[in-house]
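Colleague: I want to learn how to read aromatic rings in a model. Could you take me through it?

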Amino acid sequence: MAQPESKKIFFENLSGADKAIAVLTSGGDAQGMNAAVRAVVRMGLYVGAKVYFIHEGYQGMVDGGENIIEATWESVSSMLQVGGTVIGSARCQEFRSHEGRLKAAHNLVQRGITNLCVIGGDGSLTGANLFREEWSGLLGELVEQGLIEADAVQKYSALHIVGMVGSIDNDFCGTDMTIGTDSALHRIIEVVDAIMTTAQSHQRTFVLEVMGRHCGYLALVSALACGADWVLIPEMPPEDGWEEKMCQKLSATRSRGTRLNIIIVAEGAIDRHGKPITSSFVKDLVVRCLGFDTRVTILGHVQRGGTPSAFDRILASRMGVEAVLALLETTANTPACVVSLCGNQSVRLPLMECVQMTQEVQKAMDQKRFEEAVKLRGRSFENNLRTYKLLAHRKPESELPTSNFNVAVLNVGAPAAGMNAAVRSAVRVGISEGHKMFAVSDGFEGFYKGQIKEIKWADVGGWTGQGGSLLGTKRTLPAKHVDKIAEQMRKHNINALLVIGGFEAFLSLLELLTARGKYEEFCVPMVMVPATVSNNVPGTDLSIGADTALNAITTTCDRIKQSASGTKRRVFIIETMGGYCGYLATVGGLAAGADAAYIYEEPFDIRDLQANVEHLTEKMKTSIQRGLVLRNENSNENYTTDFIYQLYTEEGKGVFDCRKNVLGHMQQGGAPSPFDRNFGTKISARAMQWLSQRLVETFRRGRVFANSEDSCCLLGMRARALVFQPVVQLKEETDFIHRIPKEQWWLKLRPLMKILAKYKTSYDVSDSGQMEHVIHTRPKESDASVAM
């Protein structure tokens, strides 16, 4: 909803002309740090501030000299796709001493730097806060020693700190995701997927050790993403006697015909008595008790390496811009803050509140208060653990509730990576709730043809990492065959429907809702889980499959840009999918560092195209070697990809040449990303639990009867929460002609993309992060809202 004009603030009002900002990376490196550095530098320069690199973290700040150098726009070109941190990171003992911090203060004052953007873990951020608290005292000492003038104390009276958490472990309280975590999960899942093929060939058990000395996030989420048989994490050590239970589980899995087992161990895993559980111990245990051919793979620093994922690039870019805005708005009384992500929104949290909460987790673990440690990690971590247990460990038939309800699950529309993870989750949660689950092949086309069969727990084993739709999916809508579908509903006594798909799934539920007036068979609870690469479904900020498509676009753009390295200046015109929805073009453009992205939602004409060409020509005349322009496939019927390619080719003559690529269906294919696997798993589990609840509520006189609007819902992610919304209420929010929502959150990212590409534009900061407190209760489903 548009805000009143009086509440809209554009950052032209937030000048940085008198400010000097320094950015440093400290502690362990993490993929995405470079994207954060790039965003800080470019946003800082954009608002008129001086921006400095501090090389080698706090060590560079203490040593000064050439370690602290002024940054330029060009100095951060081509770093977006680079892993690690190009400005270096080092652990600095000297900064822990008062003398070291005194040297650092002198080096900063000499350059007029009073704003620090620190990218690191809790140790790095705690050090920054101590430095801030000592600042005025340090300046007084420097005056006494004659190293700075007395008026410098007044001029540089306060040091302002903003932190961004860069850590692959995701071990910092207050943020849903830290920079680098998603990329580390990509590395782990790539290895797991590769290992599963060789394990299956030889009927082997693999024990994988992943990073996480004090935090089991990577182990837990990768276990959820690959459907591991067992996971061991420091926050929740297994109960005594776990060895026998694990071996029974592995043996039972093999007896059902599975040819492999995967066990994931966090490097800090312990038992209830604090004794370490190592990967070699687990291997020896399996060999001794079961005699299975077992191998150990320790991933080590592979998890820190490689190019950052699309998620990490976007997260880091958003956080970097938010950090600069926070520094522009800070006053002498503003506490040091951390820029965080909650759900899909940026927030600012007091740095020390987050650090103290993080330390509380470790304290709880040291005192063996493990349940409390899990709760302190946040509802997201708790939800991941609960979901893993629900899906990985099957209860004996005698312990299952008997509901006598039949639930059908089907895929509708185009395939999207992560659909299979969602189906697996729905089936297993449904069985755990005591329902009989039915799988419908080929969407509503298969439904009316009677392609319906019961699906069991073991039938969906290994589905999590599979791309496409194993059930089969079609775009067919139910209206034409509603009588036959009703007949099949009656024949199989279907009491609830779970539909996983895109815009066609949304239309299908609207048609079934209308059909309730004629066919009582459709008076049952129905829920839709959004799954489409286009991310064009109303009622949700994100859809299953969109993250995998973004990674495909980003990886391809990286390769395409690299193909021009060492040659003459070149501009690439890339066409993305999405129908009329510009999500992939815009967010893919932000992740790949595009110079422009043409979309239907933001109309453009020949003057805009000409301005873009001129802007790119100007940049090419300096040091920029490669340009990237993205175009959504239906952005404009006249300004086609060919037209834009020919225009850029003609107007760029003598400065750059042009190439074009249509990415096509490669955006729909491939194995799902860790994000889509987990988002699909968790949102589908939540949908199934809602169906179970509604089935009980609507069961009267021996039958299920649900004909209210709120019994036919779409489960979507809205800002910080997972929300069930009646599909009929979403009609007003939908542009049915162009198959897109009327309002889309990601349009707010477009000015950010333009700023980072050196365009002059207004940036509405009314939606920027506000200072909150860690102890505040978040909305009930806030943590379920983010797949990770």
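Modeller: This is a predicted model. Counting ring pairs here gives 18 aromatic pairs.

Colleague: How is a ring pair described?

Modeller: By the distance of the centres and the angle of the planes. Take Phe-95 and Phe-131. Their centres are 5.3 Å apart, with 70 degrees between the planes. That pair is edge-to-face, because the angle is over 60 degrees.

Colleague: Where in the chain do Phe-95 and Phe-131 lie?

Modeller: In distant parts, 36 residues apart. Phe-95 is in the loop between strand 3 and helix 3, while Phe-131 belongs to helix 4.

Colleague: Why does Phe-95 count as buried?

Modeller: Its relative accessible area is 5%, so Phe-95 falls under the 20% cut-off. Phe-131 is buried too, at 0%.

Colleague: What is the geometry of the pair Phe-311 and Phe-675?

Modeller: Tilted: 5.5 Å centre to centre, 35 degrees between the planes. This pair links helix 10, which holds Phe-311, to helix 22, which holds Phe-675. The two residues are 364 apart in the chain. Both are buried.

Colleague: Which residues do ring pairs link into a cluster?

Modeller: Tyr-58, Phe-95, Phe-131 and Trp-135.

Colleague: And charges over rings: which residue lies over the face of Phe-292?

Modeller: Arg-254, at 4.3 Å from the ring centre. Likewise, Lys-760 lies over the face of Tyr-46, at 4.7 Å from the ring centre.

Key:
Residues numbered from 1 in each chain as written. Predicted model: local features only at pLDDT ≥ 70, side-chain atom pairs only at ≥ 80, totals over all residues. Heavy atoms only, no water. Phe/Tyr/Trp six-rings, centres within 6.5 Å; stacked < 30°, edge-to-face > 60°. Helix = DSSP H or I, 4+ residues; strand = E, 2+ residues; numbered from the N terminus. Buried < 20%, exposed > 50% of the residue type's maximum accessible area, 1.4 Å probe, protein only. Lys NZ or Arg CZ within 6 Å of the ring centre and 35° of its normal.
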